[in-house]
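Here are my notes from going through this one, in the order I'd look at things. Have the viewer open while you read.

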Amino acid sequence: PFFVDLRRPELLLNNTVSLYLTTEPDITVGIWHTLPGSRAPEAQGKDQHWYEEALADDHPVIIYLHGNGGTRAASHRVQFLKMMGAAGFHILALDYRGYGDSSGHPTENGFTTDVLALYDWAKARSGNSSILFWGHSLGTGIATNVARKLQEERGVQVDAVVLESPYTNIRDAAAHIPITKIYRQFPGFGYLILDSLALGDMFFRSDENVKVLACPLLILHAEDDDVVPPHLGRKLFETARSAYKDKTKVKFITFPEKLGLGHDYISFNPELPTLVKDFLKMK
């Protein structure tokens with residue numbers, strides 16, 4: 001969306017403040033923090049410090065990792081913040097480096113660094129509140145990257161990972177998205193399009209990452225997703241399920257075509273918070 005002042009989320013959302021986090025030297029990312037709806041009455045006029053302290057109130061914290069286009073102010077992302085905030089979650093929605101009002105240039109390693117820094121920031125303030133990564137589309141690969149890095153390098157498990165409209169890896173995703181359809185018939189497609197992603201160090205290997213994870217993993221996909229085909233989500237689920245020792249920790253939920261949720265609008269389904277809470281065994 002154009003002409004949105006990302007420093008003033010209150011123009012689009014209630015109970016939300018904007019903050020900025022330095023994730024490494026010369027890189028600052030913009031973040032919106034939306035409160036659980038039950039805390040709305042006491043949030044009026046409160047500053048960022050009060051919001052930070054609120055993270056320790058035992059409500060679960062979602063770190064929301066959005067898809068490739070636009071910013072944290074896109075309408076379907078605002079809808080996600082509204083719905084999951086009303087359902088009792090804190091949400092921290094960031095724009096990765098090179099997006100929105102964040103500095104720097106987009107790289108896969110840079111995205112991982114940004115999200116790790118936000119996780120550390122939230123963990124230092126959230127007390128006993130659980131923290132989960134929620135990735136949508138491109139963000140699903142970032143979510144699994146960070147969850148794996150935490151587990152392998154620090155021995156830390158994030159409390160859960162939710163993947164909405166995910167792919168197996170970025171090469172598979174690029175081979176299936178509609179915009180590449182016209183080019184697939186040409187002999188140079190693999191070299192010019194798919195190999196160029198690898199040359200740019202863009203891999204987003206969720207299919208490899210989920211083999212390592214042990215945290216609860218929920219995969220959501222709409223059957224009418226015409227950007228990332230649902231068979232990629234199912235393939236990712238099957239890869240994870242075969243690797244997980246505890247099969248009950250992995251779940252795949254599909255949304256029928258008649259709902260018309262497509263790639264971006266699972267967050268418009270009023271049943272979504274209940275489905276997530278049931279999976280996380282929350283009240």
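1. Start with the side chains of Arg 39 and Asp 57, which are joined by a polar contact of 2.9 Å. Bear in mind that this is a predicted model. Arg 39 sits in the loop between strand E2 (27-34) and helix H1 (40-43). Is Arg 39 buried or exposed? At a relative accessible area of 15%, Arg 39 counts as buried, because the cut-off for buried is under 20%. Apart from neighbours within four places in sequence, Arg 39 is in contact with Trp 50, Ala 54 and Asp 57.

2. The largest nonpolar core has 49 residues, and Ile 63, Val 115, Phe 133, Ile 142, Val 161 and Leu 217 have the most contacts inside it. Helix H4 (residues 108-123) gives the most to this core, namely eight residues. There is also a second, separate core of 29 residues, with Ala 87, Ala 93, Leu 218 and Ile 266 among them.

3. Phe 133 is worth a click. Leaving aside neighbours within four places in sequence, its contacts include Ile 63, Val 115, Tyr 119, Ala 143, Val 146 and Leu 150. Val 158, Ala 160, Val 161 and Val 162 are also among the contacts of Phe 133.

4. Then go to Phe 111, in helix H4. Phe 111 is buried, with a relative accessible area of 2%. Not counting residues up to four places away in sequence, Phe 111 touches Tyr 96, Arg 97, Tyr 99, Pro 106, Leu 138, Ile 142 and Phe 204. As for Asn 145, 34 residues from Phe 111 along the chain, the two C-alpha atoms are separated by 9.4 Å.

5. On to the sheet. E7 and E8 run parallel and are joined by six bridges; Ile 219 stands opposite Phe 252 in E8. Between E7 and E8 the chain passes through helix H9 (residues 230-243), giving a right-handed β-α-β crossover.

6. Last, helix H10 (residues 272-280). Which of its residues are buried? They are Leu 272, Pro 273, Val 276, Lys 277 and Phe 279. Why do they fall on the same side of H10? Because they cover an arc of only 160° around the axis. The cover over these buried residues includes helix H3 (75-86) and strands E5 (131-136), E7 (217-222) and E8 (250-255). Just after H10, check the backbone at Lys 281, which takes a positive phi of about 60°.

Conventions:
Residues are numbered from 1 along each chain as its sequence is written. This is a predicted model: local features need pLDDT of at least 70, side-chain atom pairs count only at pLDDT 80 or more; totals for chains, interfaces and linings use all residues. Side-chain values use heavy atoms; hydrogens and water are left out. Buried means under 20% relative accessible area, exposed over 50%, partly exposed in between (1.4 Å probe, protein chains only). Helices (H or I, at least four residues) and strands (E, at least two) are DSSP runs, numbered from the N terminus. The arc is that of the directions from the helix axis to the C-beta atoms. Contact means heavy atoms within 4.5 Å. A polar contact is a pair of N or O atoms within 3.5 Å; within protein, one must be able to donate a hydrogen and the other to accept it, and residues adjacent in sequence count only if both atoms are side-chain atoms. A nonpolar core is a set of buried Ala, Val, Leu, Ile, Met, Phe, Trp, Tyr and Cys residues joined through side-chain atoms within 4.5 Å. Two strands pair if DSSP finds at least two bridges between them. A crossover is right-handed if, with the strands pointing away from the viewer, the path from the first strand over the helix to the second runs clockwise.
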